[in-house]
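Me: I would like to go through the labels used for this model and ask what each one rests on. Please set each value against its cut-off.

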Amino acid sequence: MCGIVGIVGTSPVSQALYDGLTVIQHRGQDAAGIVTISDNKFRMRKANGLVKDVFHTRHMLRLTGDIGIGHVRYPTAGTSSSSEAQPFYANSPYGISLAHNGNLTNAEELTQWIYNTARRHVNTSSDSELLLNIFAHELQQTDKLDLLPEDIFNAVANVHTIARGAYAAVALIIGKGLVAFRDPYGIRPLVFGKRETEQGTEYMVASESVALDACDFEFIRDVAPGEAIFISEDGQLFSKQCAQNPTYNPCIFEFVYFARPDSTMDKMSVYGSRVEMGVALGKKIARDWEDLDIDVVIPIPETSCDIALQIAQELDIPYRQGFVKNRYVGRTFIMPGQAQRKKSVRQKLNAINTEFKGKNVLLVDDSIVRGTTSEQIITMARNAGAKKVYFASAAPEVRFPNVYGIDMPSANELVAHGRELEDICELIGADKLIFQDLEDLISAVGHSNKDIKAFETSVFSGSYITNDIDHDYLTQLDAVRNNTTKENTDKEADSIIDLHNEGAE
């Protein structure tokens, strides 16, 4: 999972890009990068680490220019090497830099296509670099020095016919402008907005609307599935639907876990969706667990707080904050290593003993993925004095790998894969366990936008919307992920080719 931003401004944009990346830091903690254009040259800084650690004053001063893009990364394929931090760069045609959120499901096929057909070289194992080179190749087919918006839209249309999977991308073209486009299923989110200045209109695209808010941009709308947005360097806005049969199938896990509650994506409020999840799950608990003596409802912060509050109201049971979160430890789900993930749970949460002692507690979390965190938290609750610990998940059982940009690479890592409810309950150490029904989750997320007829729900259902995923693919993906190290390094990116990387020390 990653986050992207892009701005075409009337004044230097580096600070706004930094601010935008900071508020979508939750989408990726592995690496960060910004590219701007100044004096017809790319100015680049990218490295492993959080936004606040990657960009220092000296870097920001070098990122000059009124147009730029940014990226925060968590690796779902390849490695966490700083050489794979984004944005990526291709010098031909024109000079293009691209950042990408998602995952291409036909990456192996595309690697061969790029070499045999496009005659281009890819220097990393990142599918984002593949996407960049596909786009670059299609632009090159126009054989024009002066690109028209229609030429760019034709290139994106061709990308849609070649690349499969999930992708929301933003790209800079030297001397032309900024391009943003979304896959024909709309799996990964993408929004854009504008703000008026004395010098004229500025435009911004981002993974979540909260980035627009942080930079004082007015939300215009979501980029539609298959659509491309082109904003010229002089601030002219163009858009076109570039896919033949686009459909809305946004990733439902964005609303369960990833996105910030103050974001709105595809006309659906993340906060509102989580409130509705709590209502639905509360009704199910009241129906199926009417014999249980629950004394208190306690969320596992922070995603589940709004959900737990609604459950407590449905059950007419006290809601309490029983855990204190250390905000200086990252999100355990997206940490790049199981050992680090296990260690971080104790560092991240601490129980308030008085809220547990002698009580039957209902713990609420947004989901259960590997089960590691749930098991440790249940143990913490018992150590704090809880008599019984019941556990409720606002999402259904995560039984299948995700291939569209979420780091759930192996079915064997998923606690619910191949197991029944009682087995999962025993493994995590709960006295009782309940999951949200998939139909209720879909209804909760889609309640504010009835135009969305279907969601990407593969992690729960095993049904992959792109219709190109089979057992062999999942087996191969599992092997690749298991053979790839994801340990962070302290090394900064060293370019083989001088890309005017202004981050070089």
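Me: Which residues is I285 in contact with, leaving aside its neighbours within four places in sequence?
Reply: In this predicted model, I285 is in contact with E290, I294, I311, L315, L362, A392 and I434. Each of these counts because heavy atoms lie within 4.5 Å.

Me: What makes the set around I285 a nonpolar core?
Reply: A nonpolar core is made of buried residues of the nonpolar kinds, joined through side-chain atoms within 4.5 Å. The largest such core has 51 residues, and I285 is listed with F253, M277, L362 and F460 as having the most contacts inside it. Elements giving two or more residues to this core include α9 (270–288), β19 (360–365) and α16 (471–482). A second, separate core has 31 residues, among them I96, F153, A155 and V156.

Me: Why is E202 called buried?
Reply: Buried means under 20% relative accessible area. E202 is at 2%, so E202 counts as buried. This residue is found in strand β10 (residues 200–206).

Me: How do you know that E202 and R195 make a polar contact?
Reply: The cut-off for a pair of N or O atoms is 3.5 Å. The side chains of E202 and R195 are joined at 2.6 Å, and the side chain of E202 also reaches the backbone nitrogen of T10 at 2.7 Å. Both distances are within the cut-off, therefore both pass on distance.

Me: What makes β5 and β6 paired strands?
Reply: At least two bridges are needed. β5 and β6 (residues 96–104) have three, in the antiparallel sense, so they count as paired. Y89 stands opposite S97 in β6.

Technical notes:
Residues are numbered from 1 along each chain as its sequence is written. This is a predicted model: local features need pLDDT of at least 70, side-chain atom pairs count only at pLDDT 80 or more; totals for chains, interfaces and linings use all residues. Side-chain values use heavy atoms; hydrogens and water are left out. Helices (H or I, at least four residues) and strands (E, at least two) are DSSP runs, numbered from the N terminus. Buried means under 20% relative accessible area, exposed over 50%, partly exposed in between (1.4 Å probe, protein chains only). A polar contact is a pair of N or O atoms within 3.5 Å; within protein, one must be able to donate a hydrogen and the other to accept it, and residues adjacent in sequence count only if both atoms are side-chain atoms.
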